[in-house]
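Dear colleague,

Please find the structure below, handed over for your study. My notes on what was found in it follow.

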Amino acid sequence: MVESDQEYAPDASDDDLDAHQVSRRAGGPRANRQIESAFNEVRRTWEDVEEGEDGTITKTIDSLLQQGKRKRTLKDTTPLQRGIIRHLIIIIDLSAAMTEKDLRPTRYLLTIRYCQDFITEFFEQNPISQIGIIGMRDGLAVRVSDMSGNPSDHISNLQALRKDDPQGQPSLQNALEMARAALFHAPSHGTREILLLFGSLLSSDPGDIHKTISSLVASHINTTVIGLSAQVAICLTLVKRTNPHSNPQKHYNVALDEVNYRELIMRLATPPEAHTQQATSMNDSNASSLLMMGFPSRVTDPKPSLCACHSRPTSGGYLCSRCSSKVCSLPTTCPACSLTLILSTHLARSYHHLFPLQNWTTVPWSQARSSAHKHKTLCFGCQAPFPTHPMKTAKQVSKATLPTKAAFSDARNAESASMEPSMPHRSRPRADSMSQRQRDEDQTISESGRYACGSCAEFFCVDCDAFCHEIVHNCPGCLSREGEVMARTEGLEQNGAAPEQMEGLVTNGDQR
């Protein structure tokens, strides 16, 4: 008979049974403090909702919307060297693990939808870049979309995946080998990147995946992983070795919910930083060589003719400036002479990452009501009126003297803390975290609804702030000031003014 850890005690009393129980080592006060601190860090969203003077929560909703807009616009504006010509391969997990419903409706359908949004945003910010899509299912790597710069082709191929169901197990090695082969012929003046959307906890590989990772490092390919289940050791190794000059937490994250999943994907639309050590590792001839591009002209044929990219009859298109081959859309690479064909607007949109627009500062009521800015009652961009200063009436002052709900809550917390002297720290960390979060929100959202540009000192609303930082990437106030200075300079040149007068005009225009 197999021996057991406990002896059988028939007809035993309660004291005898307690003596036979297997005891576990207690966690001690340190474990209790960790549990309590984790409990205190939980954000109670229902406590952030406050009723306004009219009895509704419209004010809270508006503040949350403004906070979301400001969160998207507040970015690092340090001018850095970035790769504006990118070559990205998206690897999507199509295994049975993507059928889980922890991300609604399923991981599979949500990933396809977010990938479509990412492709649209990617080509909006990187118009002269290219993308390829690879899937993993049944232990194989499936080519979903070839490397190209046409977003409509990628989106149509992703929509075709909705008809298929995820099945089998993923093979990370096969997908990485296929991605490396697709990026092997990418020019050295562009970046080589891989985005892995991994929902499984294992990988069915036919060989040694560490050799594949070594080949990725030798090919200067950077990898970013977004997990949907948990952190996997091989993915962490992949990120560390392919991004030796960056923090692994920047390139490997696990999605917490649907909103966080979308933020992690959309964050990759910004071009990555170009590290000095990576640039010096390349050949000097490749690093300093010029890139030849063509700017074709739009043509409209009276009769449809075949295009060189899809061999389809089309009546309109663009003629290559070198070989006069017709292509359907831009940007693309000429299939006949391999010349990069773009428009001037595409090149201009790619350069805003190198010179980002500075973040606008919040304007307090003291500055908005000062004599120097009191006349600025309309947004400089959309001419929408700013909110007026909330002057307190006698009824509001009398109401403010009454005890509020927060005062009752603080009194109850203080009473409970006095009744529990052995654990006086239970309510204090939560209050500190709430106050810190409130201070962060106050610094993010302007109490006057005004945001000022540091260069032209003009005031804008939160909608214009988001529009200028996400779409235009320029300040309307600064551009209008430059246009006014140029107009005055041209007028002085026509009137035959001296160079000293024009130099003084430009100086005064910069100071104004």
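Helices (H or I, at least four residues) and strands (E, at least two) are DSSP runs, numbered from the N terminus. This is a predicted model, in which local features need pLDDT of at least 70 and side-chain atom pairs count only at pLDDT 80 or more, while totals for chains, interfaces and linings use all residues. Residues are numbered from 1 along each chain as its sequence is written, and side-chain values use heavy atoms, with hydrogens and water left out.

Confidence

pLDDT is the predictor's confidence in each residue, from 0 to 100. The protein chain has an average pLDDT of 78, and 66% of the residues score at least 70. A contact here means heavy atoms within 4.5 Å. Where pLDDT is low, the predicted coordinates should not be read in detail.

Backbone features in the loops

Most residues other than glycine have a negative phi, and most peptide bonds are trans. The bond from L330 to P331, however, is cis, with omega near 0°. P331 lies in the loop between β10 (326-327) and β11 (332-333). A cis peptide bond also joins R104 to P105, with omega near -5°; P105 belongs to the loop between β1 (86-93) and α4 (107-125).

Positive phi values occur in D138, near 55°, and in S311, near 60°. The loop between β2 (130-137) and β3 (140-148) holds D138, while S311 sits in the loop between β8 (297-306) and β9 (313-319). For accessibility, buried means under 20% relative accessible area, exposed over 50%, and partly exposed in between (1.4 Å probe, protein chains only). D138 is partly exposed because its relative accessible area is 42%, whereas S311 has 54% and therefore counts as exposed.

The C-alpha atoms of G207 and Q173 are 7.7 Å apart, although 34 residues separate the two along the chain.

After α7 comes H220, with a positive phi near 60°.

Which residues of α7 are buried? They are I209, T212, I213, S215 and L216. These residues lie on the same side of α7 because they cover an arc of only 160° around the axis, the arc being that of the directions from the helix axis to the C-beta atoms. The elements covering them include α6 (172-183), β4 and α8 (233-242). On the face turned away from the buried side, α7 carries the exposed residues K211 and A218.

A pair of helices

The axes of α4 and α5 (residues 151-160) come within 10 Å and cross at roughly 180°. Such axes are lines fitted to C-alpha atoms, for helices over the stretch in contact, and angles run from 0 to 180 degrees between N-to-C directions. The two helices, α4 and α5, are therefore roughly antiparallel to each other (angles under 35 degrees count as roughly parallel, over 145 as roughly antiparallel, 65 to 115 as roughly perpendicular and the rest as oblique). Among the residues making this contact are I112, C115 and F123 of α4, together with H154, I155 and L158 of α5.

Yours sincerely
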